[in-house]
Amino acid sequence: MKILAFESSCDETAAAVMEDGRTMLSSVIASSADMHAIYGGVVPEIASRKHVEAISGLADEALRQAGVDKSEIDAVAVTYAPGLIGALLVGVSFAKSVAYGLGVPLIPVHHVRGHIAANYIAHTDLEPPFLCLCVSGGTTALVDVKDYTHFEVLGGTRDDASGECFDKIARVLGLGYPGGGPMDKMAQGGNDKAYAFPRAHVADHPLDMSFSGLKTAVLNTVHNAQQKGEELDLHDLAASFAAAVSDTLVPRTMEANRMLGYNKIAVAGGVAANSRIRADLQRECDKVGAKLWLPPLSLCGDNAAMIGCQGYYEYLAGNTAGWDLNAKASLDISKG
């Protein structure tokens with residue numbers, strides 16, 4: 001089964017052709033991150049306009065690279081939630097027109113389900129059930145992946161997503177947008193104990209997290225130094241921040257693994273590319289004999305291949321949409 005897939009939930013426009021779920025025939029991405037970097041973050045109107053400009057050409061390029069004619073496409077999959085509503089509407093509208101024109105089923109895909117599915121592309125041996133730590137610019141959650149289309153959120157952030165914090169701190173430090181990669185690079189060789197940043201605990205739910213206090217503490221450290229004319233060691237600060245994020249994510253991931261008893265853990269989303277978090281998770285998994293699946297860096301960020309992969313399993317489960325499909329800015333993964 002060949003699926004033409006589209007992703008447009010934020011600032012990447014992407015198209016891909018997937019075969020039988022896990023075989024990636026093509027994957028193309030056009031990012032407008034350079035334009036958003038001027039403003040220090042994503043400008044929704046700019047993102048939507050760039051999606052409109054790019055999506056048709058990307059669809060043609062995905063088919064060309066896959067060596068597939070449009071008549072060979074069996075279904076169209078698209079991210080319909082969650083994300084920037086204007087950006088999502090571009091992808092949903094275009095996907096509906098393609099599916100209608102080709103006379104094939106339209107498959108709606110939850111963006112975070114797609115991130116989880118990126119692991120299926122990279123790891124042919126990974127099958128549910130397993131625990132997934134989902135960490136990105138808009139999501140921080142521990143998800144029980146019961147099967148390919150059945151998910152339960154065990155815990156998550158009560159406020160800011162971990163990826164958003166990386167972006168905000170990077171902007172204040174002048175490292176640009178997006179901030180995850182530059183922050184990771186800056187942390188290399190830094191002293192992760194140089195700055196005492198907080199690790200928040202949510203009293204009534206041990207698997208929930210909070211990052212707003214950490215973000216505020218780092219911003220206050222930077223602003224206080226600027227006001228006093230003191231020089232910060234950016235390598236130490238980035239390393240200390242990364243350690244605080246990892247110390248929040250990793251213990252809760254291991255506790256959720258203990259509760260579920262799967263001893264199978266995957267990581268998904270843009271923050272899954274962070275070297276400190278990857279290393280800490282691997283170390284803790286080795287201690288308890290748990291198997292860890294990490295997506296390659298190329299599949300951590302937003303892409304359409306992951307949408308086509310999850311779309312395949314949604315199709316098998318009978319989850320297709322009519323021409324009245326609408327985009328949703330927010331939606332729980334269990335209802336996607």
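**Exercise 1. How many cavities of 30 Å³ or more does a search of the whole structure find?**

This is a predicted model, where local features need pLDDT of at least 70, side-chain atom pairs count only at pLDDT 80 or more, and totals for chains, interfaces and linings use all residues. Residues are numbered from 1 along each chain as its sequence is written, and side-chain values use heavy atoms, with hydrogens and water left out.

Step 1. Count: the search finds 1 cavity of 30 Å³ or more.
Step 2. About 30 Å³ of space lies in the largest cavity.

**Exercise 2. Describe the lining of the largest cavity.**

Step 1. Lining residues have an atom within 4 Å of a point. Among them are Val112, His115, Cys134 and Ala268.
Step 2. H4 and strand S6 (130-135) each supply at least two residues of this lining.
Step 3. The lining divides into 4 nonpolar, 4 polar and no charged residues.

**Exercise 3. How do H5 and H8 pack?**

Step 1. H5 and helix H8 (residues 234-260) pack at an angle of about 170°. Their axes, lines fitted to C-alpha atoms over the stretch in contact, lie 11 Å apart.
Step 2. Angles over 145 degrees count as roughly antiparallel. H5 and H8 are therefore roughly antiparallel to each other.
Step 3. With contact meaning heavy atoms within 4.5 Å, Ser162, Cys165, Phe166 and Ile169 in H5 meet Leu237, Phe241 and Val245 in H8.
Step 4. These contact residues divide into 6 nonpolar, 1 polar and no charged.

Methods
Axes are lines fitted to C-alpha atoms, for helices over the stretch in contact, and angles run from 0 to 180 degrees between N-to-C directions. Helices (H or I, at least four residues) and strands (E, at least two) are DSSP runs, numbered from the N terminus. Angles under 35 degrees count as roughly parallel, over 145 as roughly antiparallel, 65 to 115 as roughly perpendicular and the rest as oblique. Ala, Val, Leu, Ile, Met, Phe, Trp, Tyr, Cys and Pro count as nonpolar, Asp, Glu, Lys and Arg as charged, and the others, Gly among them, as polar. On a 1 Å grid over the protein atoms alone, a cavity is a set of points where a 1.4 Å probe fits but cannot get out, and a pocket is an open set with protein on both sides within 12 Å along at least five of seven lines; lining residues have an atom within 4 Å of a point. Grid points are joined across faces, edges and corners, and a volume is the space filled by probe spheres set on the points.
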